[in-house]
Amino acid sequence: MLKIDIICVARVKKGPYYDLIEDYTKRLKWKLNIIEVESKLSDAKKCQAEEAEKIQKHLDSNAILIALDERGDGLKSLDFAKTIQNFTNNGESHLQFVIGGADGLTDDVRDKATFLLSFGQQTWPHLLARVMLLEQIYRAQQILAGHPYHRE
């Protein structure tokens with residue numbers, strides 16, 4: 001069974017984001033683990049560095065690391081599903097997705113990534129990016145299972 005970690009900055013409090021995250025989490029058949037890290041520092045560079053340090057503590061060298069980054073590749077949902085399938089066809093069973101905080105990911109974290117994924121050139125709040133990622137992971141699961149959830 002595919003294991004997916006989402007390593008992300010910020011804790012989600014009760015509310016609309018929380019409800020959406022819970023909904024997609026319940027729908028997934030793949031093993032999902034959400035790891036939340038945060039920094040309380042006010043200086044942007046120091047905060048970003050602390051977030052990066054905390055993210056890196058959770059990285060598994062045996063996993064495929066996919067970093068969400070505006071400089072990454074924007075994939076159609078079918079291509080995203082095929083990318084996941086290609087990883088699993090090559091024997092990979094553990095994917096880790098990383099979502100940075102308000103100032104994004106450091107070069108250190110980005111450089112460790114096997115793949116950079118973008119949800120477009122717009123800037124998205126990191127909590128919304130988490131929901132969007134979960135929806136795309138769920139959509140990929142359904143596409144790969146042959147379910148008609150995705151229409152194109």
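Predicted model: local features only at pLDDT ≥ 70, side-chain atom pairs only at ≥ 80, totals over all residues.
Residues are numbered from 1 along each chain as its sequence is written, and side-chain values use heavy atoms, with hydrogens and water left out.

Staying with the cysteines, what does a search of the whole structure find in the way of disulfides? The search finds 0 disulfides, a disulfide being a pair of cysteine sulfur atoms within 2.5 Å. Cys8 is in no disulfide, and the nearest cysteine sulfur to its own, that of Cys47, is 14 Å away.

Now to the interior. A nonpolar core is a set of buried Ala, Val, Leu, Ile, Met, Phe, Trp, Tyr and Cys residues joined through side-chain atoms within 4.5 Å, and the largest one here has 31 residues, with Ile6, Phe97, Leu133 and Ile137 making the most contacts inside it. At least two residues of this core come from each of β1 (3-9), α1 (16-27), β3 (64-74), α3 (77-89), β4 (94-99), β5 (115-118) and α5 (126-144); these helices (H or I, at least four residues) and strands (E, at least two) are DSSP runs, numbered from the N terminus. Which element gives the most to this core? That is α5, with 9 residues. There is also a second, separate core of 12 residues, and Ala52, Ala67, Val98 and Leu105 are among them.

If you look at Phe97 on the screen, and leave out residues up to four places away in sequence, you will find that it touches Ile4, Asp5, Ile6, Ile7, Ile66, Leu68, Phe80, Leu133 and Ile137, contact meaning heavy atoms within 4.5 Å.

On a 1 Å grid over the protein atoms alone, a cavity is a set of points where a 1.4 Å probe fits but cannot get out, whereas a pocket is an open set with protein on both sides within 12 Å along at least five of seven lines, and lining residues have an atom within 4 Å of a point. Grid points are joined across faces, edges and corners, and a volume is the space filled by probe spheres set on the points.

The largest pocket holds about 460 Å³ of space and is lined by 22 residues, with Leu68, Glu70, Gly101, Gly104 and Trp124 nearest its centre. Two or more lining residues come from each of β3, β5 and α5, and the largest share, 4 residues, belongs to β3.

As for cavities, the search of the whole structure finds 1 of 30 Å³ or more, and about 30 Å³ of space lies in the largest cavity. Its lining includes Val9, Gln48, Glu51, Ala52, Ile55, Gly101 and Gly104, and helix α2 (residues 44-56) gives the most to that lining, with 4 residues.

Not counting residues up to four places away in sequence, Phe119 touches Leu68, Trp124, Ala129, Met132, Leu133 and Gln136.

Ala10, in the loop between β1 and α1, has a positive phi of about 95° although it is not a glycine, and this residue is buried, with a relative accessible area of 15%.

Finally, Val37 has its place in strand β2 (residues 31-37) and is buried, with a relative accessible area of 5%. With residues up to four places away in sequence left out, Val37 touches Cys8, Val9, Ala10, Arg11, Glu51, Lys54, Ile55 and His58, a list that brings us back to Cys8, where we started.

Notes: Buried < 20%, exposed > 50% of the residue type's maximum accessible area, 1.4 Å probe, protein only.
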